[in-house]
Amino acid sequence: MKIDDNYFMKQALKVANDAIIKGEVPVGAVIVFNGKVIARAHNQTENLKDVTAHAEILSITSASNFLNSKFLKRCTMYVTLEPCIMCVGALYLAQIERLVYAASDVKGGISRGIKLHPKTRITSGIMKKESEKILKNFFQRLRLKK
């Protein structure tokens with residue numbers, strides 16, 4: 001088994017699928033340290049009634065607890081959707097080493113000129129089609145319910 005960006009993004013996609021079952025927008029995130037997943041989370045804004053309960057924020061908290069550190073300097077986050085402004089701020093403060101995201105968020109993601117920590121490397125488009133499909137299907141079903 002090849003452990004690479006696709007392998008870890010598949011893990012994030014599995015977490016995103018878990019969100020659907022719970023009625024959440026299917027965004028999943030995993031954080032990797034030394035080649036191992038140390039944190040995983042999906043959006044929980046509906047269930048927790050908390051607008052800050054994004055997959056990225058929850059996984060940062062979990063990884064920080066695991067490492068007993070507020071900084072994630074040697075970690076990589078894999079997330080199925082380009083982070084929003086709030087999540088980018090948290091990633092900036094956590095000084096994450098690398099961010100890998102699948103689908104772009106043209107309305108509010110970092111591609112709109114929002115900056116991450118200067119040392120953070122960004123890779124985008126890993127398993128983009130798979131992530132877009134999950135999101136598109138989720139929102140189509142949501143519209144049909146209305």
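Two strands count as paired if DSSP finds at least two bridges between them. In this predicted model, strand 1 (residues 28–33) and strand 3 (residues 75–81) are joined by five bridges and run antiparallel. Val32 stands opposite Thr76 in strand 3.

- Five strands make up an open sheet with mixed pairing, and their order is 2-1-3-4-5.
- Strand 2 (36–42) and strand 5 (121–124) are the edge strands, each pairing on one side only.
- On average, neighbouring strands of this sheet are turned by 15 degrees against each other, direction ignored.

**Helix on the sheet**

- Helix 3 (residues 55–67) packs on the sheet, where it touches strand 1, strand 2 and strand 3.
- The direction of helix 3 makes about 145 degrees with that of strand 2.

**Largest pocket**

- The volume of the largest pocket is about 430 Å³.
- Its lining consists of 16 residues, of which Leu81, Ser104, Asp105, Val106 and Leu135 are the closest to the pocket centre.
- Helix 5 (residues 128–145) supplies three residues, the largest share of the lining of the largest pocket.
- By residue class, the lining of the largest pocket has eight nonpolar, five charged and three polar residues.

Terms used: Residues numbered from 1 in each chain as written. Predicted model: local features only at pLDDT ≥ 70, side-chain atom pairs only at ≥ 80, totals over all residues. Heavy atoms only, no water. 1 Å grid on protein atoms, 1.4 Å probe; cavity = no way out; pocket = protein on both sides within 12 Å on 5 of 7 lines; lining within 4 Å. Points joined across faces, edges and corners; volume = space filled by probe spheres on them. Helix = DSSP H or I, 4+ residues; strand = E, 2+ residues; numbered from the N terminus. Nonpolar A, V, L, I, M, F, W, Y, C, P; charged D, E, K, R; others polar. Axes fitted to C-alpha atoms, helices over the stretch in contact; angles between N-to-C directions. Contact = heavy atoms within 4.5 Å.
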